Amino acid sequence: MLSRRMLISGLAAIAFAPAASAAELPDLKGRTVVVVTENAYPPLQFVDPKSGKAIGWEYDAMAEIARRLNFKLEYQSTSWDAMIQAVSDGQYDIGMTGITIKDDRKEKVDFSDPYMRSQQLMLVRGDEKRFTDAKGFSTLTTGLIGAQPGTSPFYTAVYEILDGNEQNPRIKLFETFGATVQALKAGDVDLVLTDSTAGDGYVKASGGSLKLIGEPLGTEDFGFIFKKGSDLVSPVNAAITALKADGTLDALNKKWLLDYKMGQ
């Protein structure tokens, strides 16, 4: 299983840009910025089971970006399959939910600079013994993968584990990532592909009922998304640069990826 210290090492691989002081950051003069998320990717963003509040790495990072750029935050939630189009249409100003920066998505939305790097891993039930890696899963005749359509895990499942057929009946589709994990726990599917950040959070909260197996299937950079041509991209990028340079992102990594214990 991927340790949190290994994860931090992977995140540190993002090259830091030159420092930007607070005095250099744009002032957005208190404007309201509507941010949409899915609240289904712990520890990036999720609903705390104890308090019922939406919390996580991305919430803390966005709050600090808003403070430094002087804008007011308003949060909305939507499903993953609706998010990119909704942001593209201007229904929301920013989308955040561990969104992988990909060229095809850049045709619809603008991305911020990367704020985190993660690896894609295989999440299975804790007692799974039939396979230990992607090749072993592909040789099964009945094993099912749970995935959200249009996501990086979906395409990895299709083209790197299975046969390249996007209608392969071994892929069972779900609206949310949380639903794929619940289906895995219930035995309705046998494998869920997840980035290392979310996967580590679910494993820590599972009490041994889930585990991560196999070698990483790829590395992905996460970014916030905006409507094409948004005037928020440049200021947010400047803030991300400043947060990297002064150690704020490192502190968030420690808080959420090392110190935080799900459900405690």
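View 1. Buried here means under 20% relative accessible area, whereas exposed means over 50% and partly exposed lies in between, computed with a 1.4 Å probe on protein chains only. This is a predicted model, in which local features need pLDDT of at least 70 and side-chain atom pairs count only at pLDDT 80 or more, while totals for chains, interfaces and linings use all residues. Residues are numbered from 1 along each chain as its sequence is written, and side-chain values use heavy atoms, with hydrogens and water left out. Arg125 belongs to strand S8 (residues 116-125); helices (H or I, at least four residues) and strands (E, at least two) are DSSP runs numbered from the N terminus. The side chain of Arg125 makes a polar contact with the side chain of Asp190 at 3.0 Å, and a polar atom of the Arg125 side chain lies 2.8 Å from the backbone oxygen of Leu184. A polar contact is a pair of N or O atoms within 3.5 Å; within protein, one must be able to donate a hydrogen and the other to accept it, and residues adjacent in sequence count only if both atoms are side-chain atoms.

**View 2. Helix H2 (residues 57-69) and helix H9 (residues 233-245), whose axes come within 10 Å and cross at roughly 110°.** That angle makes H2 roughly perpendicular to H9, a term covering 65 to 115 degrees, with angles under 35 degrees counted as roughly parallel, over 145 as roughly antiparallel and the rest as oblique. From H2, the contact (heavy atoms within 4.5 Å) is made by Ala61, Glu64, Ile65, Arg68 and Leu69, and from H9 by Pro235, Val236, Ala239, Ile240, Ala242 and Leu243.

**View 3. Asn39 and Asn70, each with a positive phi although not a glycine.** Asn39, in the loop between strand S1 (32-37) and S2, has a phi of about 55° and is partly exposed, with a relative accessible area of 21%. Asn70, in the loop between H2 and strand S5 (72-77), has a phi of about 65° and is partly exposed, with a relative accessible area of 36%.

**View 4. The cis peptide bond that joins Pro42 and Pro43.** The omega angle of this bond is about 0°, and Pro43 lies in the loop between strand S2 (40-41) and strand S3 (45-47).

How values were computed
Axes are lines fitted to C-alpha atoms, for helices over the stretch in contact, and angles run from 0 to 180 degrees between N-to-C directions.
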